[in-house]
Amino acid sequence: TEETLVLVKPDGVARGLTGSILARIEAKGYALVDIRLVEPDRDVLAEHYAEHEGKPFYEPLLEFMMSGPSVAIRLAGNRVIEGFRSLAGTTDPTTAAPGTIRGDFGRDWGLAVQQNLVHGSDSPESAARELGIWFS
Ligand code: ATP
């Protein structure tokens with residue numbers, strides 16, 4: 001079995017979509033190992049998004065992620081890293097496939113950052129690193 005970090009981002013929490021998102025995760029058979037409401041400060045987000053520092057959407061991304069609470073989830077299951085990213089859909093909600101979280105619920109607000117409802121780790125190395133940041 002494998003673990004990943006999932007975040008329901010501030011737009012997902014604010015829009016009342018946490019339950020709908022968790023329902024899809026649970027229906028797929030993944031196990032909630034730990035779950036908490038978080039209000040990350042700038043240092044936590046800078047660590048989480050270190051690879052994006054300097055990109056045009058970096059500052060708006062951090063501001064967005066500090067705009068309200070998120071839900072952090074330690075999720076377990078066979079191939080859960082790949083499986084959750086498949087459930088989430090691609091980054092841009094406009095073109096994310098229908099049937100995915102971003103494809104079904106995501107909206108393009110025309111802002112500098114994609115408010116795309118969820119985050120999921122993209123590799124075992126990222127998952128270990130990110131779980132250490134959010135669940136230390
Ligand atoms: P995540 O890592 O959040 O699951 P992802 O791997 O598809 O999504 P990344 O490339 O890691 O996306 O980017 C992190 C986040 O930064 C995205 O989820 C989105 O909120 C924002 N973002 C990424 N690329 C852009 C872009 N070109 N324009 C605006 N926002 C972006």
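A pocket here is an open set of points, on a 1 Å grid over the protein atoms alone, where a 1.4 Å probe fits and protein lies on both sides within 12 Å along at least five of seven lines; lining residues have an atom within 4 Å of a point. This is a predicted model, where local features need pLDDT of at least 70, side-chain atom pairs count only at pLDDT 80 or more, and totals for chains, interfaces and linings use all residues. Residues are numbered from 1 along each chain as its sequence is written, and side-chain values use heavy atoms, leaving out hydrogens and water.

Start by selecting the ligand. It sits in the largest pocket (more than half of its atoms lie within 2 Å of the pocket's grid points).

Now show the pocket's lining: 23 residues, with Lys9, Tyr49, His52, Thr91 and His119 nearest the centre. By type, the lining splits into 7 nonpolar, 9 polar and 7 charged residues (Asp, Glu, Lys and Arg count as charged; Ala, Val, Leu, Ile, Met, Phe, Trp, Tyr, Cys and Pro as nonpolar; the others, Gly among them, as polar).

Finally, zoom in on the ligand's oxygen atoms. A backbone N or O atom of Gln114 lies 2.8 Å from one, while Arg85 has a polar side-chain atom 3.2 Å from a ligand oxygen.

Notes. Polar contact = N/O pair within 3.5 Å; in protein donor to acceptor, adjacent residues only side chain to side chain.
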